[in-house]
Amino acid sequence: MKKIALIFYLLLISLGCYAQKRDALIVFWNVENYFDPFDSGKKDPAFTPQGANHWTWRRFIAKRDALAKTLIATGLDELPVMVGLCEVGNRFVLEQLVRQTPLAPAAYRIIHREGSDVRGINVALLYRPDRFRILLTRFLGVNLPDTTQRTREIVYAKGVLDDLDTLHLFVNHWPSKMGGAKASLPRRIAAAQRLCISIDSVFLLHPHANVVVMGDFNDTPLSKVVQSLSKGRPLQNLSAPLARKKLGTIRYRGRWELIDQFIVSENLLNKEEPILTSSLHFSIFSAPFLLIRDEKYLGMKPFRTYLGPRYQGGISDHLPVILRIERNY
């Protein structure tokens with residue numbers, strides 16, 4: 001582990017020589033139950049040493065370091081400028097990730113707060129202050145049809161990329177299909193409606209705004225609820241072409257589904273603007289160390305930390321997705 005950490009550290013030093021590179025990477029990743037092992041009134045006691053999953057400090061450190069390794073590997077010539085994360089337990093685990101791993105030299109800053117989700121999982125945004133200057137942050141609450149239920153907030157951040165242009169970022173983790181796709185649909189509709197209210201507010205003030213919506217939507221780009229985001233709005237889902245090819249970030253009963261996505265405003269597709277992107281700049285990061293053989297359905301699947309109650313030592317049941325932003329100047 002020390003040798004691996006040294007290699008990562010030397011890599012980061014060498015990557016620092018490329019601070020003026022044109023591209024900026026934005027990564028989104030559902031990191032699957034990234035909890036600390038301490039039992040301090042947490043909402044999911046299974047992730048403690050005495051809990052059902054026997055979640056120990058050693059296992060936490062292994063996952064933390066694997067997350068750092070993956071984020072380093074996503075970059076071609078330097079670390080991601082922004083990283084959206086979901087299924088994060090608290091600020092402590094984020095501080096561990098960005099301060100106690102080879103990611104530390106990048107000096108990532110954290111946008112996060114603990115919400116009211118029943119399991120205590122949250123959404124967060126990491127960003128590099130050397131390339132992204134924050135102007136405003138908000139945490140957008142989602143009111144579900146059943147007022148006794150709670151879900152994750154949407155993280156909103158407004159900032160300037162490379163002193164070129166402003167970006168409006170929305171990081172999402174919509175309600176799951178627990179209880180069935182049809183029964184749970186109203187909860188995802190509620191999340192979509194809350195997101196649209198904020199996006200509409202941005203476009204009202206800035207009709208040509210650069211908007212980047214990322215997240216685990218627990219539905220594919222071809223679903224009606226996700227497509228509703230683009231209805232009447234200048235938005236384009238960059239994930240849709242890969243979804244049509246049956247590619248994905250999770251594997252359910254032998255089939256890949258692309259539920260982790262990037263949606264951007266049409267202004268970011270304009271080749272005359274200072275910064276731009278396209279569907280060709282969206283990708284799924286599927287490095288071999290993130291995958292394991294699917295013994296039941298054949299092929300490969302994400303290498304998750306637990307398979308039921310059994311510890312596997314993997315990283316996540318989701319693959320990360322990447323959006324590359326180009327500089328025009």
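**Cavity, pocket and strands**

Biologist: What classes of residue line the largest cavity?
Modeller: Its lining has four nonpolar, two polar and three charged residues. Ala, Val, Leu, Ile, Met, Phe, Trp, Tyr, Cys and Pro are the nonpolar class, Asp, Glu, Lys and Arg the charged one, and the others, Gly among them, are polar. This is a predicted model, where local features need pLDDT of at least 70 and side-chain atom pairs count only at pLDDT 80 or more, while totals for chains, interfaces and linings use all residues. Residues are numbered from 1 along each chain as its sequence is written, and side-chain values use heavy atoms, without hydrogens or water.

Biologist: Which residues line the largest cavity?
Modeller: R113, G115, I121, N122, V123, F139, R152, E153 and V155. On a 1 Å grid over the protein atoms alone, a cavity is a set of points where a 1.4 Å probe fits but cannot get out; a pocket is an open set with protein on both sides within 12 Å along at least five of seven lines, and lining residues have an atom within 4 Å of a point.

Biologist: How much space lies in the largest cavity?
Modeller: About 60 Å³, a volume being the space filled by probe spheres set on grid points joined across faces, edges and corners. Searching the whole structure gives one cavity of 30 Å³ or more.

Biologist: And how much space lies in the largest pocket?
Modeller: About 1500 Å³. Its lining takes in 44 residues, and E87, S176, N218, R304 and D317 lie nearest the centre. Two or more lining residues come from each of β1 (24-34), β10 (250-252), β16 (300-302) and β17 (306-307). Here strands are DSSP runs of E with at least two residues, helices are runs of H or I with at least four, and both are numbered from the N terminus.

Biologist: By class, what is in the lining of the largest pocket?
Modeller: There are 14 nonpolar, 12 polar and 18 charged residues in that lining.

Biologist: Changing topic: why is β7 largely enclosed by the rest of the structure?
Modeller: Strand β7 (residues 165-173) has eight of its nine residues buried, so the rest of the structure largely encloses it. Buried is under 20% relative accessible area, exposed is over 50%, and partly exposed is in between (1.4 Å probe, protein chains only).

Biologist: How many bridges join β6 to β7?
Modeller: Seven, and β6 (residues 154-161) runs antiparallel to β7. Strands count as paired if DSSP finds at least two bridges between them. L161 is opposite D165 in β7. The two strands form a hairpin with three residues between them, and D162 in the turn has a positive phi of about 55 degrees.

Biologist: In which sense do β5 and β6 pair?
Modeller: Antiparallel, with eight bridges between β5 (residues 132-140) and β6. L136 has K158 in β6 as its bridge partner. Seven of the eight residues of β6 are buried, so β6 too is largely enclosed by the rest of the structure.

Biologist: In which sense do β7 and β8 pair?
Modeller: Parallel, over six bridges, with β8 spanning residues 211-216. F170 stands opposite V213 in β8. From β7 the chain passes through helix α4 (residues 181-205) to β8.

Biologist: Where is R188?
Modeller: R188 sits in helix α4 and is buried, at 1% relative accessible area. Its side chain makes a polar contact of 2.9 Å with the side chain of D219, where a polar contact is a pair of N or O atoms within 3.5 Å; within protein, one must be able to donate a hydrogen and the other to accept it, and residues adjacent in sequence count only if both atoms are side-chain atoms. A polar atom of the R188 side chain is also 3.2 Å from the backbone oxygen of S176.

Biologist: Is D219 buried or exposed?
Modeller: Buried, at 8% relative accessibility. D219 is in the loop between β8 and α5 (224-227).

Key:
A crossover is right-handed if, with the strands pointing away from the viewer, the path from the first strand over the helix to the second runs clockwise.
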